[in-house]
Amino acid sequence: MRLSFYIVLLASIFFFGCSWKKVNVQEGEFDVYTPAPYYGAGFSMNEKSEAKRISLQFRPYDHETLQLHDVMNYSADTGPGGYSLRNEEANIAYKLKRFPVTGTFDYFSKNILSMWGMGLGLDPYPFIRATAGINSRFIEAGITGYLNYSILKYNAKGKWISLTQTLAGDMDDYGALSCEDCKEGKFNGGIGGFLNIFPIKELALTYAPFIYKPWWDDELGDSEISFEFPYIFSQYLGGSYLIAKHIQVSAGATIYIGKKFSGHYWFFDSSLGFVF
């Protein structure tokens with residue numbers, strides 16, 4: 001019993017320290033679920049009132065493979081005479097995926113001019129969002145924050161190095177990365193805004209920009225990636241109409257662009273909601 005205790009104690013002292021592992025992805029394709037567009041309440045609310053909305057948003061089930069450019073792996077090493085990763089370009093693509101149906105519940109509360117709201121839904125994985133802004137007879141404008149958790153697939157090839165620092169000295173290692181149809185749970189998030197113009201009280205003409213960060217932690221498994229996943233910028237243009245104070249229909253188009261994208265992509269969006 002006492003011998004076992006001393007063995008564990010010595011092992012703990014020997015391996016005590018910090019460690020890191022970094023992977024250089026030379027070639028990879030990563031799933032990215034794109035959030036459905038968000039445009040606030042989308043109608044002129046009465047002063048000191050609240051509204052709830054249950055909605056379904058519809059989009060063509062589709063995916064686009066976006067080849068990224070100028071994505072660089074940063075160099076790293078385990079120390080003099082150790083292993084190293086070179087500063088080199090990464091051949092990375094986003095597989096931009098759109099789930100055909102998004103279900104959401106939103107709550108809005110308005111004072112005299114200011115308003116705030118919260119929402120949650122499935123797209124196809126759970127997400128939450130919060131919003132704040134103004135809502136008047138002729139205009140609605142605000143900002144929103146978004147967070148979701150997704151199970152994402154990816155394919156990746158490359159190499160990795162690691163370093164473990166102990167009281168007995170540094171231990172480094174290296175190896176090859178090869179992953180086909182791997183899956184990881186990831187947080188993804190973004191911030192955006194919306195502007196609605198109300199020519200009449202029930203009709204909204206909408207512009208909603210949004211910036212989105214996929215693969216928030218820039219990690220694969222227990223390894224830090226040696227590049228940063230680029231942001232995605234979307235812009236929604238559309239309109240909505242509130243029928244009989246309860247049925248809200250909307251339609252529009254969303255364009256996806258990015259600083260590292262080789263092009264831009266348009267998609268059609270529509271929704272049907274019940275306001276109460």
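A residue counts as buried when its relative accessible area is under 20%. Keep that cut-off in mind during this tour of a predicted model.

**Stop 1: the cysteines.** Select C179 and C182. Both residues are buried. A disulfide joins C179 to C182, with an S to S distance of 1.4 Å in this model. Look along the S-S bond: the angle about it is -115°, and the link is left-handed. How many disulfides does a search of the whole structure find? The search finds 1.

**Stop 2: the lysine.** Select K186, which lies in strand β13, residues 169-197. Is K186 buried or exposed? Its relative accessible area is 3%, so K186 is buried. Now show the side chains of K186 and E184: they make a polar contact at 3.3 Å. Next, select what K186 touches beyond four places away in sequence. Among these residues are N148, Y149, S150 and L152. The list also includes W215, D217, E219 and L220.

**Stop 3: the whole protein.** Zoom out and switch to a cartoon view. The secondary structure comes to 1 helix and 19 strands.

Finally, show the surface. The protein exposes about 14,300 Å², and carbon and sulfur atoms supply 63% of that area. Buried residues make up 45% of the 276 residues. Of the contacts between residues at least 6 apart in sequence, 68% join residues at least 24 apart.

How values were computed: Residues numbered from 1 in each chain as written. Predicted model: local features only at pLDDT ≥ 70, side-chain atom pairs only at ≥ 80, totals over all residues. Heavy atoms only, no water. Helix = DSSP H or I, 4+ residues; strand = E, 2+ residues; numbered from the N terminus. Buried < 20%, exposed > 50% of the residue type's maximum accessible area, 1.4 Å probe, protein only. Polar contact = N/O pair within 3.5 Å; in protein donor to acceptor, adjacent residues only side chain to side chain. Contact = heavy atoms within 4.5 Å. Disulfide = S-S within 2.5 Å. Areas by Shrake-Rupley, 256 points an atom, 1.4 Å probe, with all protein chains shown as cover.
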